[in-house]
Amino acid sequence: MIDPALEAQLGQRVTLTGTAQNAAAGASLLVDGWPVYIGGLSRWPADLAGRTLDVAGILVSTRGPAPEERVHGPTGGYALDDASWAPHES
Amino acid sequence: MSSVDARVQDAGRGPAAETPTTAREDPARVAAGDPVSSAAGLLALQRGAGNRAVGAVLRARGRAPRRALQRLGYRLDKPLPSGAEKPKHGSDPDQRRYSIGQFTKMWEAQFHALSSSEADNVLRGCVGITALNLGLGPLVAPTDLPGNKVYGTFAKARAIAAAKNEALGSIAPGSPIQGYVVYAMLFWSNRDPDPKKRGKPDPKAFRPDPRTGEVDMSTIGDIYALARPPDYTNFDFGFWDESTQTFWHANHGTYAGMKTPEEIYQSTHARFAHKYWENGEEHVSYPDFDRVVYGVASTNVKPEKLLLPTRDEHIAAFKARVAAGDWGEAALRLNGFNTDDIKRLGRTLTRDERSAIIGAAYSAMPGWSDRVVDNLTEVDKEPPAPKPKPKPRRP
């Protein structure tokens, strides 16, 4: 699926604010209902899971495995590569 | 700020390239006509010659040679033995997280070198780990096999698999392997092909039949393409290992675009599949899923420990036969217990029930009913248990 707001920022270094959640495929940031995966991070440190974070990184499109590949994983999506993060201060 | 400090080391398609391809070991065939090489043969011999004669024959044969057995990992409720490799991706009390390389080494040390198609299975993630343990090829999922029934609870699937294994009888040394195992699948309940309509869960879908416990999976659709939108994982399979009492699964497969390494998990049942509620919605283990089903499948991969009925399940089955007045079947089931248990269960029966079982035992087990008849007769001769003293009344 394509999110127009995220699609417009592909390839750019961005800072996204959302909730840290551990999805089946790895750590993700839930941004307006959209899981943005953190490239290379399998799970959030226990003290960060569930918290609101600012995550900076390069927004990339991640292609899920094609159905004919018969592989386990997300069907598509977005990720932040070279990510760094900090608790969001409101 | 913190950052991702560890990158994929072994997420490439390494094992297939590095591991020499070897053929599966060719199982020795049972010698034709050998009556003690199969459960059916043993039973026929028991019926014809009696227990003592069969026992003498078996003792004369000596101990059966130990077969090579599959055994991966160690129980989670005990520390890793000295010399065991530490899980590369860390561990918790209820989960160990191994790399593909470590999993491959464990498999090869305990079983055989992975063939290229088996290595391909490992790289598919959880579905591949389960397919590998079921002896399936790399394009197959357990849900592709129409004979595999699935159930709403682990206990139900386990009991079905155990009963099927018991019905198969013992595996004769050197014979081809066939046994029943349990696997599980986590998935999203709404299977609408339109992702815009698939976001909300379907509370009524994939619920167990209250009578049979079975779950109808005929509307599951394409398990690879249909996931919770947007961009969640399509499913999570887990293979139940009776020996270590854990599920084996993975976070995902290895494919282009995935930067997070594939990790192979060994988890307790509770860690693998636990229900929770968030924002009024049911989930199982992750936001990606809201259903878990447990399947029973036949495998030709040798398990370290065959899943069999527990002692409690045997006792429950015996009591059910007694309650139904099926005395011959009750006698047969009683014969499966050790002497102490036969007496213990015999004491829970009335004298009439014991007499009925003894009467039926002769025809249910002609020539080999001694254990049941003798032990129940001994219970009959026991003095009645003293009545408990009444508690003194308080003034």
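In the predicted model, B:A184 touches B:F237, B:G238, B:F247, B:F272, B:A273, B:V292, B:V293 and B:Y294, with residues up to four places away in sequence left out; two residues are in contact if their C-beta atoms, placed from the backbone, lie within 7 Å. Residues are numbered from 1 along each chain as its sequence is written, chains are lettered from A, and ligands are numbered from 1, in the order in which they are written. Because this is a predicted model, local features need pLDDT of at least 70 and side-chain atom pairs count only at pLDDT 80 or more, while totals for chains, interfaces and linings use all residues.

B:A184 is also among the members of the largest nonpolar core, of 82 residues, that touch the most other members, together with A:I38, B:A161, B:V182 and B:V293. Such a core is a set of buried Ala, Val, Leu, Ile, Met, Phe, Trp, Tyr and Cys residues joined through C-beta atoms within 7 Å. A residue is buried if 20 or more other C-beta atoms lie within 10 Å of its own, exposed if 12 or fewer, and partly exposed in between. Strand β5 (residues 179-187) of chain B gives the largest share of this core, 8 residues. Helices (H or I, at least four residues) and strands (E, at least two) are DSSP runs, numbered from the N terminus. Another core, of 18 residues, lies apart from the largest one and includes B:V322, B:A331, B:M365 and B:V372.

Strand β8 (residues 246-250) of chain B has 5 of its 5 residues buried, so it is largely enclosed by the rest of the structure. B:T246, B:W248 and B:A250 cover one side, and B:F247 and B:H249 the other. β8(B) runs antiparallel to strand β7 (residues 236-241) of chain B, to which 3 bridges join it; strands pair if DSSP finds at least two bridges between them. B:F247 is the bridge partner of B:W240. The hairpin of these two strands has 4 residues between them, and there B:Q245 takes a positive phi near 55°. With strand β9 (residues 264-267) of chain B, β8(B) pairs in the antiparallel sense over 4 bridges, and B:F247 has B:S267 as its partner in β9(B).

Chain B is assigned domain 1 (69-299) and domain 2 (311-381), with bounds from an automatic or database domain assignment. Their C-alpha centres lie 39 Å apart. In helix α10 (residues 327-335) of chain B, the buried residues are B:W327, B:A330, B:A331, B:R333 and B:L334. They lie on the same side of α10(B) because they cover an arc of only 165° around the axis, taken from the directions from the helix axis to the C-beta atoms. These residues pack against α9 (311-323), α11 (339-347), α12 (351-364) and α13 (370-381) of chain B.
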